[in-house]
Amino acid sequence: MIRTPLRPLARVLKARETGEDPSVIEKENLRLRHEAMADRSRARAESRLLLLGAAFALAFGTIGVRMSTLAASMPEEPRVVDSGNPIIGQRADIVDRNGRILATNLATHALYAQPHQMIEPERAARELAQIFPDLNEERLLKDFTGARKFVWVRRQISPEQLQQVHDIGSPGLLFGPREMRLYPNGPIAAHVLGGASYGREGVSSAEVIGVAGIERRFDDLLRDPANEGAPLELSLDLTVQAAAEEVLAGGMALLNAKGAASIIMDIHSGEIISLASLPDFDPNNRPPVLTTGDQSDSPLFNRAVQGVYELGSTFKIFAVAQAMELGLINPATMIDTTGPLTFGRQRIRDFHRMDPAMTATDVIVESSNTGTARIALQIGGQRQKDFLADLGLTEPTLIELSEAPSGRPLLPPRWGEVNTATISFGHGISTSPLHLAQAYAIIANGGTRVTPTLLRRDAAQVGPRVMRPEVAQRSVDMLRQVVTRGTASMGEVAGYQVAGKTGTADKPKANGGGYYDDKTITTFASLFPASDPQYVVVVTLDEPVESAGDDPRRTAGWTAVPVAAEMIRRVAPLMGIRPQIEPTVQASVTLSSN
């Protein structure tokens, strides 16, 4: 900035020449300088005030916008975040459809050691080995006298064990609070619940994580603090589940079966009321996974969901139902049942001698392989495959279990004519018992698709239509006659009008070299009551033998059917279904005068 002199020489000289006072010039210039300085200070202050006002306006505007946003949003409880302890130890309960506890939490303690604080490590190791016989005293002593400063002794201990460790009196033995997963009903519904274990662990808490079943499938939901501990409600009925497992275990023992599975499903809502697989296990003490051999031999294997088997003649109703849907036959259509049918080196024959021709209904009632195969050949391979897909028999089920994707049906690589024939009576295709329950539920539900679920629902499912209602009703009528006069005569339960179909399939050899002559998979897929179907019941037995007679019997009519009938007899009253007396045809009476 260039400063103007207060006494410019030119003006002073000129003022002296004219007789003016030069000091007046100095005063005038000084006044002008002060005024300029004041103007600059004022401008600077005004700009600062403007900037400060803009900042305040922006701040209050932001606050106003935020307050408006909060006022328009839904109220939400604040969440407490503990950055120092990120382990979430709390886990929600799992309950059945009536609110009864299936899985819950139990407060317990973990035991750990800080060896550098121990006074008598030898005595501590010796007495701990006495309290916990599974611990090795030499290993404990080595840990306590080595260089380690922290040693886990037990992940969880009982209150009695805690007191015994207290009595040791060692300052280096410490306890950490935590929760353990408790299954108060033991092995009941074990394959549905799965089990839980510890994930991340600390001395003051531990993360409980699901390792299988529902516990693993809904692990994030069960551990989410936002749910505020709300229990996960399943569709299972604990009382029905316990009764079904008891009957299934009794049948398995009586028939010397290697394994068994059963499913009880609501045909309208798709709710699984009971799902059992034997042998089972106690999720409180979950056994280790097999590292060698066949995984299906492990009690952890869920036969109802993971096990895929050839389910035999239970598939015959699908072929007949599709043929009726296509208008190719009706229940009274005569079907050629002469045999055998020959496809190259393969022959299809019936289990016992059949009439050379019988109605479509009798093909189901008498369980004719040749008759069903001829019906399937009329349908054709591609249409058969599409129909089975509509029934959900070609893809894994969508049930809410972590193991469900592994239960993928086994389909032939090439769907030729011989495959079309054999698949019509349940050979050459392997599915799980749950797949079969779903398909039978579609028939019982008037022909609309229903998806099995383990979560409780209060409304019926409205799925796509697979077959016309009249076709579904005719199929139910045929299945009813299988029980009243066919291969499932032992399946009749007084008052409950059971309908269903038997299935016996030779068990394939493990190395893929054909089938066993003396080992079968037997299945009875049923629904009740036939007059107004409500539930589907599927029972499958692995290698059963009925040996009460002179010759061993391995067919479903002698094995799976009686077990399913007893199960229905036990569980139907528990589910609130009243027995009904079927109307009988009155004998004719002739009125004559006296």
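**Leu140.** I looked up Leu140 in this predicted model and found that the residue is buried, with a relative accessible area of 7%, which falls on the buried side because the cut-off is under 20%. Leu140 sits in helix α4, which covers residues 137-145. Leaving aside residues up to four places away in sequence, I noted that Leu140 touches Ala125, Leu128, Ala129 and Leu135.

**α3 and α5.** I next turned to helix α3 (residues 121-131) and helix α5 (residues 159-168), which pack with their axes 10 Å apart and at an angle of about 160 degrees. That angle makes α3 roughly antiparallel to α5, because angles over 145 degrees count as such. I recorded the crossing of the two helices, α3 and α5, as right-handed. On the α3 side the contact is made by Arg123, Ala124, Glu127, Leu128 and Ile131, and on the α5 side by Gln161, Gln164, Val165 and Ile168. Sorted by class, the contact of α3 with α5 has 5 nonpolar, 2 polar and 2 charged residues.

**α15.** Finally I went to helix α15, residues 433-444, whose 12 residues reach 16 Å from the first C-alpha to the last, close to the 16 Å expected at 1.5 Å a residue. I found α15 mostly covered, with 12 of its 12 residues buried; among them are Pro433, His435, Gln438 and Tyr440. Just after α15, I noted that Gly446 takes a positive phi of about 80 degrees.

Terms used. Residues numbered from 1 in each chain as written. Predicted model: local features only at pLDDT ≥ 70, side-chain atom pairs only at ≥ 80, totals over all residues. Heavy atoms only, no water. Axes fitted to C-alpha atoms, helices over the stretch in contact; angles between N-to-C directions. Helix = DSSP H or I, 4+ residues; strand = E, 2+ residues; numbered from the N terminus. Parallel < 35°, antiparallel > 145°, perpendicular 65-115°, else oblique. Left-handed = near helix turned anticlockwise from the far one by under 90°. Contact = heavy atoms within 4.5 Å. Nonpolar A, V, L, I, M, F, W, Y, C, P; charged D, E, K, R; others polar. Expected span 1.5 Å × (residues − 1). Buried < 20%, exposed > 50% of the residue type's maximum accessible area, 1.4 Å probe, protein only.
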